[in-house]
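Subject: Structure handover

Hi,

Here is the structure I promised you. Please load it first, then read the notes below.

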Amino acid sequence: LMIDPQLQGVKWIKQRIGEDLTVLQFTMNKWLEKVFFCIQMGGQLLLEAVGSEIDAILEPVLSRSVIRRARNQFIIKIGGEEIDYHEKFQLYLQSKLPSPHYRPEITAQCTIINFIVTPEGLEDQILAMVVNVEKPELEQQKQELVRKQNDFKVTLLQLEDDLLSQLAAADPTTILDNLPLIEGLEKTKATSKDIAIQVIEAQRTEADINTSRELYRPVAAEGSMLFFLVIQLCIIE
């Protein structure tokens, strides 16, 4: 459940999932039939513009009231109708309300993510947009560095998991004679050293890039300030 008055979360979900995402609103015709179809086919569903009250007919879905009928068959009862439930089905809810008050059960049933923009967060977003216009190569380098650093973290986690699996499966009495395990340890050690060196280089490059990006910080700060000033104009009668 996304608290998303500025549509930041919707934009992120649509970019992340792409064409496989089904987007619905409660005001659409036959929206419930389309929900049934997504549940049966294991689709990814986004319900936009949810109010402070979520339609009660979705309660079985939110509470995950799924019944196992056979070894690989699940059903769910919605509105008095039993339908097949695909275990890969995913549901995203989006509310435009800045501070909605939902029932305690909703808080327990859903993972709530707050996408409300803060002045600092908006300033960083505007900074990225300004740099992308003025110095696109600089922003591309920044994004590439972020991607590489994430890849480094994933690689290290995979190495740790592989190493732990090998150690858990090894025979303690012959562990010193286990050549594949020893070779795996050496490979993990060498890879970790290489990644550590690359991380240090990436941090230095990132510091240089950030220094250049900060030249445009005043523009981003002004843009963020103007945005929140315009929002507050509605208070004036």
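Two strands pair if DSSP finds at least two bridges between them. That criterion applies to the hairpin here, which joins S4 to S5 through two residues. Four bridges link strand S4 (residues 66-70) with strand S5 (residues 73-78). The two strands run antiparallel. Within the pair, Ala 70 faces Gln 73 of S5.

One caution before the rest: this is a predicted model.

Overall layout

The protein splits into domain 1 (2-114) and domain 2 (119-234). Their C-alpha centres are 32 Å apart. An unreviewed UniProt entry carries the annotation "domain: Dynein heavy chain ATP-binding dynein motor region" for residues 1-195. Over residues 1-195, the chain is 50% helix and 18% strand. The end C-alpha atoms of that stretch lie 37 Å apart.

The sheet

What is the strand order in the open sheet? The order is S2-S3-S7-S1-S8, five strands with parallel pairing. Strand S2 (21-25) and strand S8 (113-114) form the edges, and each pairs on one side only. Strand S1 (residues 2-3) is joined to S8 by two bridges, and the two run parallel. There, Ile 3 stands opposite Asn 114 in S8.

Helix H1 (residues 8-17) touches S1, S2, strand S3 (44-48) and strand S7 (90-95). The direction of H1 makes about 160 degrees with that of S3. Helix H2 (residues 31-41) touches S2 and S3. The direction of H2 makes about 155 degrees with that of S2.

The H5-H6 contact

Two packed helices are described by the angle between their axes and the distance between the axes. For helix H5 (residues 119-134) and helix H6 (residues 136-169), the angle is about 130 degrees and the axes are 5 Å apart. Why are H5 and H6 called oblique? Angles over 145 degrees count as roughly antiparallel and 65 to 115 as roughly perpendicular, with the range between them left as oblique. At about 130 degrees, H5 and H6 are therefore oblique to each other.

Which residues make the contact? From H5 they are Ala 128, Val 131, Asn 132, Val 133 and Glu 134. From H6 they are Pro 136, Leu 138 and Glu 139. By class, the contact has five nonpolar, one polar and two charged residues.

Best wishes

Note on methods: Residues numbered from 1 in each chain as written. Predicted model: local features only at pLDDT ≥ 70, side-chain atom pairs only at ≥ 80, totals over all residues. Heavy atoms only, no water. Axes fitted to C-alpha atoms, helices over the stretch in contact; angles between N-to-C directions. Parallel < 35°, antiparallel > 145°, perpendicular 65-115°, else oblique. Contact = heavy atoms within 4.5 Å. Nonpolar A, V, L, I, M, F, W, Y, C, P; charged D, E, K, R; others polar. Domains from an automatic or database assignment. UniProt positions renumbered as here; feature names shortened; annotations may be inferred.
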